[in-house]
Amino acid sequence: MQDLFPRWEIVRFLADHVPWPYPADGALSYIRDAALPAMERGTEWHWSIRPRAGPDRLVGVIGLMDKPDDNRGLWLDPAWQGRGLMTEASAAVMHFWFETLGRSVLRVQKAEANLGSRRLSERDGMRLVGIHDRDFVSGRFPAGIWEITREEWRGRRSPAGDAPGR
């Protein structure tokens, strides 16, 4: 994670609490001091994204957070984008959010300029419910709040329980 994550094309549209320039121990500090304690408290859930053909290779991360209007965060190595990995990961974490945790709504915030992330939310069946200014690593920009309810998500699934379009 330390070798892959601190790249401008990955961090520029992340929330401004991500330190930049990224420190040499940034990944270790984040996992040790933020992610693991939040997982122990039951307020965050994090997964690594790895290709099936190379499960020892980390290519991204996706996580859920119990925060108002900001329930999912993610990043993916640009070399692995466009292969459906994030779509698959997003479907899995949405299932976890709605079915395992029993949550009624999933909301995510993203820079309006982050077109790839916007397209993911659109594919997930989410809708834009608000825009406000937010600080990102690369500056202050309009951020959209995207939302889908459990009922909407369930309505998009096939009768066999598969994700939409599967």
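Which helix is V11 found in? The answer comes in the first view below.

This is a predicted model, so local features are reported at pLDDT of at least 70, side-chain atom pairs count only at pLDDT 80 or more, and totals for chains, interfaces and linings use all residues. Residues are numbered from 1 along each chain as its sequence is written, and side-chain values use heavy atoms, with hydrogens and water left out.

View 1. V11 sits in helix α1, residues 8-11. Helices here are DSSP runs of H or I with at least four residues, strands are runs of E with at least two, and both are numbered from the N terminus. With a relative accessibility of 0%, V11 counts as buried (buried is under 20% relative accessible area, exposed is over 50%, and partly exposed is in between, using a 1.4 Å probe and protein chains only). Setting aside neighbours within four places in sequence, V11 touches F5, W20 and V137; a contact means heavy atoms within 4.5 Å. From V11 to G73 there are 62 residues in sequence and 12 Å in space, C-alpha to C-alpha.

**View 2. The bond from W20 to P21.** The peptide bond that runs from W20 to P21 is cis, with omega near 0°. P21 belongs to the loop between α1 and α2. W20 also turns up in View 1, as one of the contacts of V11.

View 3. Rolling a probe the size of a water molecule over the atoms shows where empty space is left. The search uses a 1 Å grid over the protein atoms alone: a cavity is a set of points where a 1.4 Å probe fits but cannot get out, while a pocket is an open set with protein on both sides within 12 Å along at least five of seven lines, and lining residues have an atom within 4 Å of a point. Grid points are joined across faces, edges and corners, and a volume is the space filled by probe spheres set on the points. The largest pocket comes out at about 1300 Å³. It is lined by 49 residues, and those closest to its centre are I10, L14, G73, L74 and W75. Helix α4 (residues 115-123) supplies the largest share of the lining, 6 residues. By type, the lining has 25 nonpolar, 13 polar and 11 charged residues (Ala, Val, Leu, Ile, Met, Phe, Trp, Tyr, Cys and Pro count as nonpolar, Asp, Glu, Lys and Arg as charged, and the others, Gly among them, as polar).

**View 4. The second largest pocket.** This one holds about 160 Å³ of space. Its lining includes M1, Y30, W47 and V61. Two elements, α2 (26-41) and β1 (44-49), each give two or more residues to that lining, and α2 gives the most, with 5. What kinds of residues make up the lining of the second largest pocket? They divide into 9 nonpolar, 2 polar and no charged.

**View 5. D77 meets R7.** The whole structure has 14 salt bridges, a salt bridge being a side-chain nitrogen of Lys or Arg within 4 Å of a carboxyl oxygen of Asp or Glu. One of them joins the side chains of D77 and R7, at 3.4 Å from N to O. D77 is in the loop between β3 (72-76) and α3 (85-100) and R7 is in the segment before α1, so the pair ties together parts 70 residues apart in sequence. D77 is buried at 7% relative accessible area, whereas R7 is partly exposed at 25%.

**View 6. R154 meets E99.** In this salt bridge the closest N and O atoms are 2.9 Å apart. R154 lies in helix α5 (residues 150-156) and E99 in helix α3, so to speak distant parts of the chain, 55 residues apart. The side chains of E147 and R127 form a salt bridge at 2.7 Å, N to O. E147 is in strand β6 and R127 in strand β5 (residues 127-136), so the pair ties together parts 20 residues apart in sequence. E147 is buried at 8% relative accessibility, while R127 is partly exposed at 33%. A network of salt bridges links D69, R107, R127, E147 and E152. D69 is found in the loop between β2 (60-65) and β3, and its phi is near 60°, a positive value in a residue other than glycine.

**View 7. T149 in strand β6.** T149 lies in strand β6, residues 139-149, and is buried at 18% relative accessible area. Beyond its neighbours within four places in sequence, T149 is in contact with F98, S104, V105 and R127.
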